[in-house]
Amino acid sequence: MTPPRSGQVIAPDQAPPASAPGSTQEDDLRVVGTPFRRVDGWAKVTGQTRFADDLTFPRMVHMRLVRSTLPHAFIRGIDTSKAEEMPGVVGVLTGKDMPEPFGVLPVSQDEHALCLEKVRFVGDPVVAVAALTEDQAADACSAVTIEYEPLATISSVDEAIETSEPLIHDYGDEGNLHKKISLQFGAVDDGFAQADEIFEDVMFYEGSTHLPMEQHAAVAVPEGGGRITLYTSTQTPHYVHKVLATVLGMPASRVRVIACSVGGGFGGKSDIFSHEIVAAKMALVTGRPVKICLNREEVFYCHRGRHPVLMHLRTGFTKDGAMVAQHLKTALDGGAYGSYGVASTYYTGALQTVTYGLPRYRFDSIRAFTNKPPCGPKRGHATVQPRFALEVHLDKAAQRLGIDPADLRLNNLLPPDSITANYLKVGTIGLGACIQAVVDGSGWRERFQSLPHGRGLGLACGSYLTGAGLPIHWNHLPQSAVQLKLDRMGTVAAYCGEAEIGQGSDSVLAACVAEVLGIGLDDVLLCVGDTGLTPVDLGSYSSRVTLMVGRAAIQAAERARDRLAEAVAEKLDVPADRLVFAESRVFDSGNPENGMPFAEAVQRAEEKFGALATTGSYAPPRAPGRYRGSGVGPSPTYSYSASVIEVEVDPETGLYRVEHVWIAHDIGRAINPVLTIGQVEGSVYMGLGEAMMEEQVFRRLPKNRSNALVHKVPSMLEYKSPTFHEMPPVTTYLIEDPDPEGPFGAKEVGQGPLLPIMPALANAIFDAVGVRIDQVPIGPHMIRKAVEDKAAGGDGRYGPKAFPDIDFGVPLMVPTPDEGGDGRATNSEEAGVRKGSGTMADGVRKDSKP
Amino acid sequence: MDHYTTATLRVNGQDLRVVFPTHHTLLEVLREECGLTGTKHGCELGECGTCTVLVDGEPVLSCLALTAEMEGRSIETVEGLQDGNELHPLQAAFADLGAAQCGYCTPGMLMAAKALLAENDDPSAAEIRTALAGNLCRCTGYHKIVEAVEWAAGVARGEADAGPAREVLFGASVPGEGS
């Protein structure tokens, strides 16, 4: 069996006239739903794809950065004089050359391209050197001397709570706490009072990093006319564009950012990085193209990965397993800078309500600054940690209440078209079908709690956004846009600011255009991720691209099709609504012989209307929440996933092996099923890595060697990730129930399937050997200790003991929809909602600058 | 000052005369002096397998190989896989199954897989996993890569019905839906 090549269109086979583009009528679809070769596939297997480090330009020089060797210190002096005299050196920059602060979120403008007065973690960049060769630049970096005055180091959330001085930053909600949140939806105490049972858990989720195979790289090219172009490995060219213009002090119209093919993102290339800004500045100073490619150690310092999160979860249940109230507390270790952290903090609470009915909910959270590489968004952005806690918590509740964990979930599914207690509007929900598929596929009903000691099954679920409902920079502009150019040769060029990071966004864009216009995938020429030539798309994050780019592409293609149809209808003398666009032809559905090639249709339209170009754009529907913090969590639609994991555990050693993963994902409709499965399998893989072994952890050097807090394992060999051998067989079920918001009904798939994996593994280990591991990654020693504990009469649990005692103040009270709420808080003043420490819902603000 | 070495490298069947800093690795010289940027780097420490090329048919981490020792050896890179404009069966299968997502580990995977198929034209899934276990991929979860190598091996053996199972392309049949 050979999958169709790109460009190969399945015969219409007397298809009825194409109904509205974006139709979810399966019979109409010719490209969408087929496992076509990804449009960038040929280049990727031939070595022709150009990643940022593959680019060279005439007169190009190479840049390296000198990074801090101390975790927290004042910079008392920088001597670059020797470096400037080294062979080949053409430029040296320090922080004072770029003093304007920046940050991806308007509320966290706390970074500098090169550190000004302070360094805040080992790896913070201080000096940049450019030279004719990379070797010369590295040699010159070694000749730079920096004098530091060390400061006390904060290494954990607990230390940040205890230590108000020295401040890592001079902004934030309290001392070294960057962000503090307390939200209450409904009469939570009344809910607990009605509960038959109340269960509590404390859980910990260790930090991990993205570990993309491609090291970050960028090339900045000075152009004539005071322009600069930056080629970079980024998921978010638009945000890089904005920050570059700000820090360089240039009109944004003179700055152009081109997103190269990204060699692995996973959230790790969605921030703006020091090296990108410094390369641009160096190019402007030296007048020459400047390239920088980070080494692997530096990639660990860039980080912006999964926040370590400690969680306390308390839930009231009825006897039959329905949740009546929940109180979640989370504490995030943010690292040294804000990054996306304010959003991350909200995300540790926002999506707890979208899977199962939860009438009343309280959420308290802090994010601490610590002297470590900054955390940020990693696949599933900060919804992963509380999902782990919730799904293990539910497994324990099911056990205590004597209810099958699958039934506990199935009996309490959130109904479709709900508005949750925290005012998220949820549309279609395929979770029930997902649970059913993995329960049936795994033989759950016969095998759960029935396997021999040492073997077990665990079930868990998850949900994720299909695109964040609000943009980072609050405005009423489209969040995605597509322009189409059609010409008399039959070429259709699609321009869009989206960034292909491997997830297949180019293929989605081409498929949506090809589907509507009835042409082949190879007839669509793409120009993407270029802020100079393409209309803005916000970037590849929050699983937004398929839905938002897809919707914009469909609108642009529909408009083009309408123009062509009007001209062709006139020429063929048939009503426009009888025309079919298929097989690169436009013809009368009543008489398929009566038609013309697509290129001729363009010519007829060009004669009638002049040159042809159309646009499409998309902005998500407005969400119902009106309280401070309601900007994080809304989405046009949510995807759902369920997984069953089978594990074999040796109770003697704690060593375990994942034998099989069954996973079902509510995709709405798969634009390309083989690429969709690839996203599911990749999510399962990354989830298993986090569940089993991946951890970004730190240690202190001995006192006589600076006492610095350093990365324990800044190498790929020591940062363990799964190889071919650790990856178990995966059975993937795609649950297709087209969603009215999605292009052709599609939802996201890049992130959601990761969410159930970690808790499903923890739950499977319990079924296998009867012990609870309440943290990830799960090491064999944890299982071994818990087994020993149980044998000695303990509770057979390994995990954190307590959540720190934190005064969250008066929560912001928001009556729920069931209580007659209108989405607004009732006590904003009492709750001390502060000006200038807002959320993405509150518009553009700037905090006090450091 | 750097010391430079001059050598003739046999790359993808053609002799290339190159001058390079003596301490530079095969990875650096392929990418910089030869202009063959298809070979990627992920760590430059021999940890990830991304820079795998074939030297005399054997997979080698080019980031650990000194170019100065490569004179007279036959070096194969991803750029040499195609036959004219025809993709090698491994390339076609990787492209069709999405075994290349971001595509960054792909050149190294392809070369390691080529070495395997040269030794064993009908490898089991377990043999494929073992042969490629030194190559990390963060995107795919590895399954599509194994399935692509199996498919390509079948094509290379000339099997007319070589090809992925339906569930590789469309997912497993949902229980109870009877398809």
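**Notes on chain A**

1. A friendly start with the surface: chain A exposes about 27,700 Å², and carbon and sulfur atoms supply 48% of that area (areas by the Shrake-Rupley method with a 1.4 Å probe, where only the protein chains shown count as cover for residues). Please keep in mind that this is a predicted model, in which local features need pLDDT of at least 70, side-chain atom pairs count only at pLDDT 80 or more, and totals for chains, interfaces and linings use all residues. Residues are numbered from 1 along each chain as its sequence is written, chains are lettered from A and ligands numbered from 1 in the order in which they are written, and side-chain values use heavy atoms, with hydrogens and water left out.

2. On secondary structure, chain A holds 19 helices and 32 strands (DSSP runs numbered from the N terminus: H or I of at least four residues for helices, E of at least two for strands). Its radius of gyration is 27 Å, close to the 29 Å from the globule rule for 850 residues, so chain A is as compact as a globular protein of that length. That radius is taken over C-alpha atoms, and the rule is 2.2 Å times the number of residues to the power 0.38. Along the principal axes, the C-alpha atoms fill a box of roughly 85 × 75 × 55 Å.

3. Next, the packing. Of the 850 residues in chain A, 67% count as buried (under 20% relative accessible area; exposed is over 50% and partly exposed in between, with a 1.4 Å probe and protein chains only). Among contacts with a separation of 6 or more, 80% come from residues 24 or more positions apart (a contact means heavy atoms within 4.5 Å).

4. As for charge, the mean positions of the 80 positive and 103 negative charges are 4 Å apart. Lys and Arg count as positive and Asp and Glu as negative, without His or the chain ends; the places used are NZ of Lys, CZ of Arg, CG of Asp and CD of Glu.

5. Two peptide bonds deserve a look. A:E165 and A:P166 are joined by a cis bond with omega about -5°, and A:P166 sits in the loop between helix 4 (157-162) and strand 7 (177-185). The bond from A:V776 to A:P777 is also cis, with omega near -5°; A:P777 lies in the loop between strand 30 (775-776) and helix 19 (780-791).

6. Finally, two backbone angles to check. A:A382, not a glycine, has a positive phi of about 60°; this residue is in the loop between strand 15 (361-368) and helix 10 (384-401) and counts as buried at 3% relative accessibility. A:S584 has a positive phi near 60°, lies in the loop between strand 20 (579-582) and strand 21 (585-588), and counts as partly exposed at 26%.
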